[in-house]
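Q: I want to learn how to read a structure like this one. Please show me the model, then take the features in turn.

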Amino acid sequence: MGRSKHVLTHWDPEDEVFWQREGRFTARRNLVLSVFSEHVGFSVWSLWSVLVLFMSPDIGFTFTPSEKFLLVVVPTLVGALLRLPYSAAVARFGGRNWTVFASAVLLVPAGLATYFVQRPQTPLWVFLLIGALAGVGGGNFASSMTNITAFYPQRHQGWALGINAGGGNLGVAVVQLLGLLVITTAGDSHPSYVAAVYLPLIVLVSLGAALRMDNLPALPREPGALREAARHRHTWWISLLYIGTFGSFIGYGFAFGLVLQSEFGASALQAASYTFLGPLLGSLSRPVGGKLADRWGGARVTFVNFVAMAAGTAGLLAASVTGSFPWFVAAFTVLFVLGGIGNGSTYKMIPAVHTREAERAISSGEDAAAAFARSRRLSGALIGIAGAVGALGGVAINLAFRTAYGSSGSGTVAFAVFLGYYAVCLAVTWAVYLRRREEPAVTGVEPVRPKTAGRV
C-alpha cells in the first residue's frame, strides 16, 4: 500500500481480502495512536475536576462550592461546543494532520494551569478562561471517533469505537489517580504538579501522531453533511440517548469529587481516594458496551442499560436521603459502569442506522459506492452532533448539582431529575428502536448485503 506524505492511496475496509491482507494492521496502528491522543485530551479536559479539590483556604483559595462547580462547568461546555467543528476538521485537514494539531494545542491550557494554580491571588475570571481553553481536550473526542470510524468495516466499528472512546475516557480516571498520587506523596498544596505531568506527554503524543498516523483518501467534502444529518430524525433520538449515557459519564466524572465534598464534607484526600474508581470502571466498560452491541444490537443493549441506570439512580437517591456514604459511593460507581456500557452501545447505533439506509437505497437501484459513501458521511456528522449534545448533558448535570447544593446543600433534587431523564430515554429506546422492527440493523439482526452492493 503506497503512501505519499502519510496519505493512503487506497482504502476499502469493506473489501475482505484487502482488510485481512493489510487494512486491519493499518487501522490498528492508527487506533493505538488515536487512543493515546484522545486519552491525553480527556485528561486535560477534566483537569479542573481535580484541581478544584486542591483549591482550599489552606493554600489561599477562597472560592465557594458554587464557584468551584462553575470551574468544572466551563471546560465541559467549551468541549461540547467544539465537537462539531472538530468532527468536520478530519475531512477538511486529514485525520493525521488534525490529530497532530489537536494534541499540540493542549500545551496552552496545561501550561497556563501549571503556572496560575500556584498563584491563589489570581481572580476567578482568569481561572475560568484557562478552564475554557482546557475545553479543547473535549473536542478531540469527536475528531478521533470520526477518523477511526472510517478505518474499520461496519461489523467491527462497535469494538473499534468502544476501544477508542474507552481509552480516551480513561483520561478522566487517570488524571484523578494522578491527583490522588500527588496528595499522598506531596500533600494537598501542590496542584501544579498534576498539570505539569501532562506537558511532556502532550509533546510525545503530538510527535507520535506526526510520525506514525495516516490521512485517509479525502472524501468529497460536502458542507451540507451536518445540515443533512441535523434534518435526520435519528440524529436527535440518538443524541437524546447519548445525553443519558455520555452526559452522565462526563458530568459525574467532573462533579464526583465536589459532590463528595459538598454532600459529606470529604477532604481533598478522601474525595480523591474515591473519584478515580467510577471513571476508571466506566471507561473500561465502554468497549464492553460496544462488543455487546455488536452481538445483540445497540438498541437492545441500550434499553437494558437504561433500566439498570434508573435502578442505580434510585439507589443513589436513597443513599443521599439516608446519608449513607458507602452506599452513595457504591451507587455512583455502578452508574459510571453503566454509563460506559451505554456509551458503547449507543454509538454502535449510529453506523447501523445509516448502513441500513444504504442497504435500502441499493435495493432500490442506487449506486452502491455512492450509497455507502453517503452513509459514512452522515455517520461522521451524526457522531459530531451526538458527541456535542451528549457532552452538553455533562454541563446540565454540573449545573443541576450547582443549583441543588447552592440552594439546599443536598443533591437529592438533582438525583430525582436524573432518574426522570433515564425514564424518558427508556421510553424513546423502546418506541423508536425496539418496537419498530423494520430497522434490523439497529436492533441486532444484520441485513443481507445485496450482491449488487459492490465495494465501498
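A: Start with contact, which means heavy atoms within 4.5 Å. Leaving aside neighbours within four places in sequence, leucine 258 is in contact with Val52, Leu53, Lys68, Phe69 and Val72. Two ground rules follow. This is a predicted model, in which local features need pLDDT of at least 70, side-chain atom pairs count only at pLDDT 80 or more, and totals for chains, interfaces and linings use all residues. Residues are numbered from 1 along each chain as its sequence is written, and side-chain values use heavy atoms, with hydrogens and water left out.

Q: In which helix is leucine 258 found?
A: Helices (H or I, at least four residues) and strands (E, at least two) are DSSP runs, numbered from the N terminus. Leucine 258 is found in helix H12.

Q: Is leucine 258 buried or exposed?
A: Buried means under 20% relative accessible area, exposed over 50%, partly exposed in between (1.4 Å probe, protein chains only). Leucine 258 has a relative accessible area of 3%, so it is buried. Threonine 275, in helix H13 (residues 268–275), is buried too, with 2%. Beyond four places in sequence, threonine 275 touches Gln176, Phe256 and Gly257.

Q: Which residues touch the most other members of the largest nonpolar core?
A: A nonpolar core is a set of buried Ala, Val, Leu, Ile, Met, Phe, Trp, Tyr and Cys residues joined through side-chain atoms within 4.5 Å. The largest has 101 residues, and Val194, Tyr252, Phe332, Phe401 and Phe415 touch the most other members. Its largest share, 13 residues, comes from helix H12 (residues 233–264). Apart from this core lies another, of 13 residues, including Phe18 and Phe151.

Q: What does tyrosine 252 touch?
A: Not counting residues up to four places away in sequence, tyrosine 252 touches Gly247, Phe332, Leu335, Phe336, Ile397, Phe401, Phe418 and Tyr422.

Q: How many salt bridges are there?
A: A salt bridge is a side-chain nitrogen of Lys or Arg within 4 Å of a carboxyl oxygen of Asp or Glu. The count comes to 3. Arginine 21 pairs with glutamate 22, at 2.9 Å between the closest N and O atoms. Arginine 29 meets aspartate 214 at 2.8 Å, N to O. That pair links distant parts of the chain, 185 residues apart: arginine 29 is in helix H1 (residues 16–45), and aspartate 214 is in the loop between H10 and helix H11 (225–230). Aspartate 214 is buried, with a relative accessible area of 0%.

Q: Which pair links helix H14 and helix H16?
A: Aspartate 294 and lysine 348 meet in a salt bridge (3.0 Å, N to O). Aspartate 294 is in helix H14 (residues 277–296) and lysine 348 in helix H16 (residues 325–363), 54 residues apart. Aspartate 294 is partly exposed, at 23%, whereas lysine 348 is buried, at 5%.

Q: Where is confidence lowest, and where is it highest?
A: pLDDT is the predictor's confidence in each residue, from 0 to 100. The protein's mean is 85, and 93% of its residues reach 70 or more. Confidence is lowest in strand E1 (residues 3–4), at a mean of 45, and highest in H5, at 97. Over residues 444–456 pLDDT stays under 50, and the model has 32 contacts for them beyond four places in sequence. Residues 437–441 also stay under 50, with 13 such contacts.
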